[in-house]
Amino acid sequence: ILLNGWWPSLFAGTLCVIRMLFLFLQKYTTSMDFVRKFERQCGSQASVKRLRSHPSYHSFNNKWNLPVYFQIRFREIAGALEEALSDTLEEAPAGSSYCLLATHMVWMSLLKCWSDQMFLPLLAHRLWKLSLQILARYSVFIGEVSLRPISSENTKEGKKSVPVGRKESSVSLNPSEDQGNGSSLESQPLPSISSTQLVYVAADLDKLQDQIPDILEVIKPKLEMIGFKNISCIAGALEDSKTSLSACVPTLNNRIIQDLSESSFAYLKSALEVPRLYRRTNKEVPTKASPYVDSALKPFYRLQNEYKNILKQPMIHQWLEGALSESTQKYYETVSDVLSSVKKMEESLKRLKQARRTATSNPVGTNGGMSDDNKIRLQLALDVEYFGEQIRNMGLETSSIKSFSALTELVLSAKDQVTAEQS
């Protein structure tokens, strides 16, 4: 990865660390090979045991400070991971199956723990613990991202909003403290995150959960190398980590659904402007839906079209259904308020007509056709009908959208009133 030019700011330092680790590993491996060959010269197992219990044997082994080797590896892996989590919204390297640098680096960190080039069997227990810490740290990261305010800024702008000093105060994996979630963040305003970035986080989280079982296949042969047999214990711990990640999903989904709903209702509330378009304007009788309906549907079409290759269809379906339910509920309340206002205005004009008993205050349009109030009712009915058609075009059932049946009944009742008055 580093040799492909990724992460140039850390290239020199990381390369130096890797070179030092390789030198240590090379010398250690050569020395241990010599010791194993020397042991084969012993005539029996008893001789091997006496050799291994000899003070010189222990002295030689103690010269290899494996805890220091692990600490260097820990700093190299955890340090790169923390750097990636600080640059949370940066795009992942080309060719990565992940969308964001952070999740890509989590996966790469797990693989680096067990890489053949620098793996030492005697450190397997520490590397296993580090693997669990990496997954726990990612759970904390997802929780942090889920709390960020959503903005319409693009990825680069969102990245620029990270305050100076964010990296220094980020959560770290400390080997001396053996903490999986690190220290707490300093109190400071949270940087914003765009809708696209939030979708990428959800897609990455789902993909990482699916790939956690693959980690077991990487770890299993390394543990068998040292004679570890209780693989079910390892699988159970990974499953617990997966469960911890799954616990982050509802909050993340709710944020995305809320954002979609708000983006849609920002246009649906334009139903409040329908009376102004027809009241005393002598406009023709409406025959098609208002443009605001198409605008309100754009966030949903974008979700379906732009993210279909990175999101599973059940996830898209869940978000669409949840967001449409929330926005439809607000749309229902808006249309209800408009129709109530129209009815009050109509009754007020009728009372005024009866009081003056003149035709000048007749609410009928100047063309002698449909009244302004009925044009408003008909327009709202057309809007809702079109809204329902587009929901079905998305592959959803309107019956699964909360408040849609009530909304339909509301406008149909108003449309029936128009038909009755015109007949």
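Is Arg302 buried, partly exposed or exposed? Arg302 counts as partly exposed, at 35% relative accessibility. The model is predicted. A search of the whole structure finds nine salt bridges, and the structure also holds seven aromatic pairs. Its largest nonpolar core has 96 residues.

**Salt bridges**

- Arg302 pairs with Glu306 in a salt bridge, with the closest N and O atoms 3.1 Å apart.
- Both residues, Glu306 and Arg302, lie in helix H12, four residues apart, about one turn of the helix.
- Glu306 counts as exposed, at 51% relative accessibility.
- Glu346 and Arg377 meet through their side chains in a salt bridge of 2.8 Å, N to O.
- Glu346 lies in helix H13 and Arg377 in helix H14, so this pair ties together parts that are 31 residues apart in sequence.
- Glu346 and Arg377 are both buried.
- Asp206 sits in helix H8 and Lys312 in the loop between helix H12 (291–306) and H13, so the two are 106 residues apart.
- Asp206 is buried at 18% relative accessibility, whereas Lys312 is partly exposed at 39%.

**Aromatic pairs**

- The ring centres of Trp114 and Phe119 are 5.7 Å apart and the planes meet at 35°, so the pair is tilted.
- Trp114 and Phe119 are buried.
- The rings of Tyr331 and Phe387 have centres 5.6 Å apart and planes at 75°, so this pair is edge-to-face.
- Tyr331 belongs to helix H13 (residues 313–356) and Phe387 to helix H14 (residues 372–393), so the pair ties together parts that are 56 residues apart in sequence.
- Tyr331 and Phe387 are buried.
- Ring pairs link Tyr331 and Phe387 with Tyr292 and Phe404 into a cluster.

**Charges over rings**

- The charged end of Lys222 sits over the ring of Phe119, 5.1 Å from its centre.
- Lys283 places its charged end over the ring of Tyr278, 5.1 Å from the ring centre.

**Nonpolar core**

- The residues with the most contacts inside the largest core are Trp114, Leu311, Trp319, Tyr331, Leu380 and Phe387.
- Helix H8 (residues 195–225) gives the largest share of this core, twelve residues.
- The core draws at least three residues from each of domain 1 (14–151 + 192–251) and domain 2 (257–356 + 371–422).
- Not counting residues up to four places away in sequence, Phe387 touches Leu268, Val293, Leu297, Leu324, Thr328, Tyr331 and Phe404.

Note on methods:
Residues numbered from 1 in each chain as written. Predicted model: local features only at pLDDT ≥ 70, side-chain atom pairs only at ≥ 80, totals over all residues. Heavy atoms only, no water. Phe/Tyr/Trp six-rings, centres within 6.5 Å; stacked < 30°, edge-to-face > 60°. Buried < 20%, exposed > 50% of the residue type's maximum accessible area, 1.4 Å probe, protein only. Lys NZ or Arg CZ within 6 Å of the ring centre and 35° of its normal. Core = buried A, V, L, I, M, F, W, Y, C linked by side-chain atoms within 4.5 Å. Domains from an automatic or database assignment. Contact = heavy atoms within 4.5 Å. Salt bridge = Lys/Arg side-chain N within 4 Å of Asp/Glu carboxyl O.
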